[in-house]
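Work through these exercises with the structure open beside you. Try each task before you read its solution.

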Amino acid sequence: MSIANYKEHRKAFSALLEADCSKPILLFKGGSGMGKSTLIKHCRTQIDKDINHVLIDLRTTSNFLQIFDKLAECLTSEHFDNFRGRLGELNRQLNINVAGNTQAGVGNMINVELNALFENTTLEQRAERYTALTKAWAEEINNLDKPCVLLIDVYERANSEIKQWIDGDLLNCAAKSTQMRVVIAGQNLPESLEWEHCSELKELVGVHEATEWLPVVSAMGRRTPEEPLLTYLVAMCSIFKGNPDDIVKWIKTFPPQQ
Amino acid sequence: MNDKYQDFLSKLQNANESERDWFVMEFSLQNLSETLRQAVWAAAVPHWFDQDFLNAVLANPLKDSDFQVLTELSFVEVYPERGFNVHERSRNLLLTQLWATNKTRYQKLSKRAAAYCKKQDQNIAAWRVETLYHGLLASNSTAKDDFIKQSVDWHNRFQFDNLENLTKVVLEAVGSGKLIGDVAAWAAFWHAQLDNYYSRYSSAQDFLRQALNQTANNLLVANCIYSLGEAYRYLSKYDQARDSYQQALPIFRKIKSRLSEANCILALGQVHLALAEYGQARERYREALPIFQEVKSHLGEANCIIGLGDVHCSLAEYDQAHDRYQQALLIYQRIKNSLVEANCIHKLGCLYSAQQQTELAIVTLQQAAQLYEVIGNKHSKGHCFNSLATLYQRQKQFTSALSAYNQAIEIFPNDTGWYQNRADLYIKMDDYEKAETDIKQTETISADPVYTLLRKAELALWQQQTPQAIEFCQQALEQRPADGNFRSFFALTLLANGQTQAAYTEMEQALTAIYQQHDFDELLDYLNKLAKIYGHSADVDGLRELILKRCQKD
């Protein structure tokens, strides 16, 4: 996929994938239309196939069960068993009976156990259980021999419960983990003194350099309505103040390449 | 340059920022066919769409090829698991424009969207939210009632994530002026409730004021004012909290909402208790109790009894306090509310601690901590360790006290009170540096600054900075004029500053509002420390005599 500039941000992402990465939390902050989602998608394409990764889009993630479904994707089968074991242990500790719900089958057992754990719970009970499960999951991730990357997009859309989990449990675990890496993009972002020293913040302020848009015009199969293209792009970048949403919309109106 | 582009470029150059955003969008639309243009307008109405949903909104099926072109537009993006959506920024531009230029068309599209959503599984929260949202924008006849009913239901079932998603989308339409009046007010009220639950008190206050500006509905107005009081109370701004409750109370009475009336009186009692106005607190609890009994709210009834127990405990009427707590405990056990049951056991632990029944106090506090552990309530579990720490501190077992405060903070790091208390312990251990660190920490959390002021006064007094100590005490006393402990410490600062007569006057007044033995003991310890730092004098002995006389009288 084509992406105009944001080289510094991409470089920070590459550093995040290094084995000896010292800042496992990378934050992308920018207003609507600044290209955060495009950047996240681009980053995803840069991850080697043998590195576990998962994208959590918070527009469609409204509860924790959905999140754990996604997190489970990062676990290999042997670690998945361990995680499931811990989940069962938690249900037993809390005297939660899941036996009546097992007709769903072995494959769905984890969902059954998760549902049982969170059914009819108060905010505080859920928060406590999120902590226990996140720690269990993070332990499994630490046992992997490669990093595991979590990409979280549209942070500002998350509900308060999920935000609390991200700001606390998840990022605290990431700060202490050897293998967990977390990238979060949003118009606003989590803040905490607890893990701040392990994070890198990169702001997206638009792409103002006209030359950066040349390959994008070409990749979109367009040609400039007027030559020279660069002069035209300079005027465009100035008017749109580098806003990628406006610039791409504008390029889309160009005539197709012959 | 091509004329079309040249004209447009000059139009952009002369436009302001908001006009420019729309011109770009408009230019993009002009480059599309009429069919696609209509499809874009329709696609902007829902938060997401697939071909089926979009066809329903359009009322004319879109050809597959047109739908394909639509999804490839730069401002249309994939919406995971549900299809596509118009990018937020473009969607806002389109909806604002459509509302401003053709509201009838907007509402027609919303009506179709609502009808389509209603046919989907309403047990799926996302569909339910979308149904209600479009219904409100289409001004459907039952939309307002459906919205209120659903929000009440989700609130009462603790489904705060669903309630938040619903209020967010409604408030988005409120923000752009598409929804006003009661709907806007209810949405802001629910959002504020969630803010209160998540400790975002400043945001809660903003939303409540916003709600109050939108409605004349008495029930909602009273609830908003009451919630404002709650936000103030959580922030320890007791004067404002009291004003809010007092304002809400006659409205609840007028609309004959007895339960809310009782809750309001109970809250007033809690404000009085926090301000050490024990007589008024007792009156309020006694006033609320029969109303709770009348409406058969056992929880409210037990909470009033607990409040009465707290008043007795503060006045060192320990036997009566014990009876009240036991009475409340039976009710909590009967209604099977394990959280309040644990709260009650915690209170009993604190009572035993005040009565110096040390072993029983420790066992009871540990029992409460275990109950909180099972419930999963970290904050309250931390409270138990804080109470244990207080017990050890009173017995001058400073190492055990420190360990218990540390445990409380480890369990729940965001309670200001524990840092304030640990600072007090450090001051008693003469470790002023650590005390200052904890005081700074309380200021970052910034709740209940009055105790932070008292700690600062202590620190200043022991470091022989008496003018500062006096100033901090005066600031604290402004907020807690009825609190004997605050006033007695103020008297000590005056004595250290050579204002002997004023010190006597303040101490005499303070001693009429100190009741518990551990408070007298602490005051005598302070006096000894004062003599050690500032030198022994006849006035120190004079004040000691006053205190001992008052102690013996009790």
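**Exercise 1.** Which residues does W250(A) touch, not counting residues up to four places away in sequence?

*Solution.* Remember that this is a predicted model. Start in chain A: W250(A) touches Y232(A), M236(A) and F240(A). Now turn to chain B.

**Exercise 2.** Find how many residues the largest nonpolar core has, and which have the most contacts inside it.

*Solution.* Step one: the largest nonpolar core has 235 residues. Step two: F13(A), W250(A), L70(B) and V170(B) have the most contacts inside this core. Step three: look for the largest share. Helix α11 (residues 181-197) of chain B supplies it, with 10 residues. Last, a second, separate core has 42 residues, including L27(A), L71(A), C74(A) and L171(A).

**Exercise 3.** Give the strand order of the open sheet in chain A, and explain why β2 and β5 of chain A stand at the edges.

*Solution.* First, read off the order of the five strands: β2-β3-β4-β1-β5 in chain A, with parallel pairing. Next, count partners. β2 (52-57) and β5 (199-203) of chain A each have a single partner strand, so one side of each has no neighbour in the sheet. Then check the twist: it averages 15° from one strand to the next.

**Exercise 4.** Describe how β2(A) pairs with β3 of chain A, and what packs there.

*Solution.* Begin with the pairing. β2(A) and β3 (residues 148-153) of chain A run parallel over six bridges. Take one pair: L55(A) has L151(A) in β3(A) as its bridge partner.

Definitions and conventions: Residues are numbered from 1 along each chain as its sequence is written. Chains are lettered from A and ligands numbered from 1 in the order in which they are written. This is a predicted model: local features need pLDDT of at least 70, side-chain atom pairs count only at pLDDT 80 or more; totals for chains, interfaces and linings use all residues. Side-chain values use heavy atoms; hydrogens and water are left out. Two strands pair if DSSP finds at least two bridges between them. Helices (H or I, at least four residues) and strands (E, at least two) are DSSP runs, numbered from the N terminus. Axes are lines fitted to C-alpha atoms, for helices over the stretch in contact, and angles run from 0 to 180 degrees between N-to-C directions. Contact means heavy atoms within 4.5 Å. A nonpolar core is a set of buried Ala, Val, Leu, Ile, Met, Phe, Trp, Tyr and Cys residues joined through side-chain atoms within 4.5 Å. Buried means under 20% relative accessible area, exposed over 50%, partly exposed in between (1.4 Å probe, protein chains only).
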